[in-house]
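Here is a short briefing to read alongside the model.

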Amino acid sequence: MTVQGLFSARANAAAQISAVPRIAIVGRGFSGMMTAIALMKTVRAPFHLQLFDPNSSVSGGQALASVRSSTILNTRVRDLSVSVGDNDDFNDWLCSNAAFRAAVPAAIPGFRQIFVPKEIFSDYVYQRFSEALAARRDITVQVCNDPVVAIRKSHGNRFLLESANPANPLFDTVILATGYGLTAPDSGEQDASPVRAQRLVARPHAVLLGSGIRVVDQLLQLRDSGYAGQVTIISRRGFLPQSHTPNSADPVFPAEALPQSLPEIVRFIREACREAEEAGRSWQSVMNGLRNHARSLWRSLPARDKHQFNRHLRAIYDSHRNRLPEAMYLRLRRELAEGRTVLRRGRAGRRGLSGLFFTPAGSSVEEVIHTERIIDCRCQAPDLSAPLMQSLLSAGLAMPDELSLGLAVNARGEPFLEDGSTVAGLFAVGPLGLGSLPDIDLVPEIVSQAYAAAERVGERFYPQVKAV
């Protein structure tokens, strides 16, 4: 499917596409759509854009289209603008929505501090995408549902994307925005597992695997749909998300020279949190301020400290970084206090006919948890063994980061090579760079990176055209 700018002449479409740079974005979740918006608002000269994603929905990518209406984002409206330099863009969009204003009157005149359903944010993103496209009479956008299985470098420094369509053209720029991986249509989150435990369990029992926002969201979704059975959450490290503050927690962080070793950094942050609470602020404000320094701190660490952080501290950091709206957090605490939901620390193993094999933390003895439902809510690292990633690594177009969490990239999303150079025209935007750029899975960081990548694209193709 090809969509042209609002005032494009259809008769000239074919000639226009062949005469201008071709840009491919692999992935149509938030990272992909944000990069598309940034390109249309930044590159002020003609180009053709092709969006690849096996999900056939045009109104949302994998991350946005599959969510349910009761799923609440864990980020305040103030931090969800897709417009660089205008932090109130999402708030203004909500204020202009009469139906939303009527449903949330208590927040008027603004919604900056509230949390909204993901589908509302999805509508906002896609409206901004549509508006950016409508404002450009000189570009075309094509959506392709064929999964990309490999990326090859061709003669003339262009890229060939291998998919089910053998007629794919060459591209001047390729932007990987696959998040944690692309899934084929109808292969969504596995819900009911193939166990036969119903007759073995007196009371319905569901097992949720994970420790982040997704596992809490799934728990509350089950309760909202009327599920009254027992729920067991299995977490490798045993940490669940902490709570946002009821009101805004403005970022604060000590301005003195930051420490360089991992133990010193941990002590430094703990002391900063203690001092903030003694001064009447909150530890959340310190964690918000830490985001401004996270990348410089990460770059200063030697490889051994990065591995130690990933093994022992990442789960703690994520539980304080990815926080729950207070109302969701209180519901979670009630579930745990009443015993309807139990948190167990340990490793989930294979699935059997009667349930899930589980090894508790500190034990080598495997046990069976009898359950009729297993739901995997774990957020995996990008799969570097997937054919698409392997095609890049084997061709020397990219390399894994130090922790093999994804690809080694710079702030613009350009993958690093062994010698420190980058491949012109290739980008990896969003969570693919999580091992190189802390917090690159959060909306503000993705927005900044998308615009930085778009500016680089514009400089490469149209150095004489000033980006805006």
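**A helix pair, a loop glycine and the overall fold**

Helix α8 passes α9 in a right-handed crossing (the near helix is turned clockwise from the far one by less than a right angle). Helices here are DSSP runs of H or I with at least four residues, and strands are runs of E with at least two, numbered from the N terminus. This is a predicted model, in which local features need pLDDT of at least 70, side-chain atom pairs count only at pLDDT 80 or more, and totals for chains, interfaces and linings use all residues. Residues are numbered from 1 along each chain, and side-chain values use heavy atoms, without hydrogens and water.

**The α8–α9 pair**
- The axes of α8 (residues 262-278) and α9 (residues 283-290) come within 8 Å and cross at roughly 135 degrees.
- Axes are lines fitted to C-alpha atoms, for helices over the stretch in contact, with angles from 0 to 180 degrees between N-to-C directions.
- In α8, I269, A272, C273, A276 and E277 meet W283, S285, V286, M287 and L290 of α9 (contact means heavy atoms within 4.5 Å).

**Around G352**
- G352 sits in the loop between β11 (341-351) and β12 (355-360).
- With 16% relative accessibility, G352 counts as buried (under 20% relative accessible area, with a 1.4 Å probe and protein chains only).
- From G352 to H370 there are 18 residues in sequence and 9.3 Å in space, C-alpha to C-alpha.

**The whole protein**
- The secondary structure comprises 14 helices and 15 strands.
- Of the 468 residues, 50% count as buried.
- Among contacts with a separation of 6 or more, 72% join residues 24 or more positions apart.
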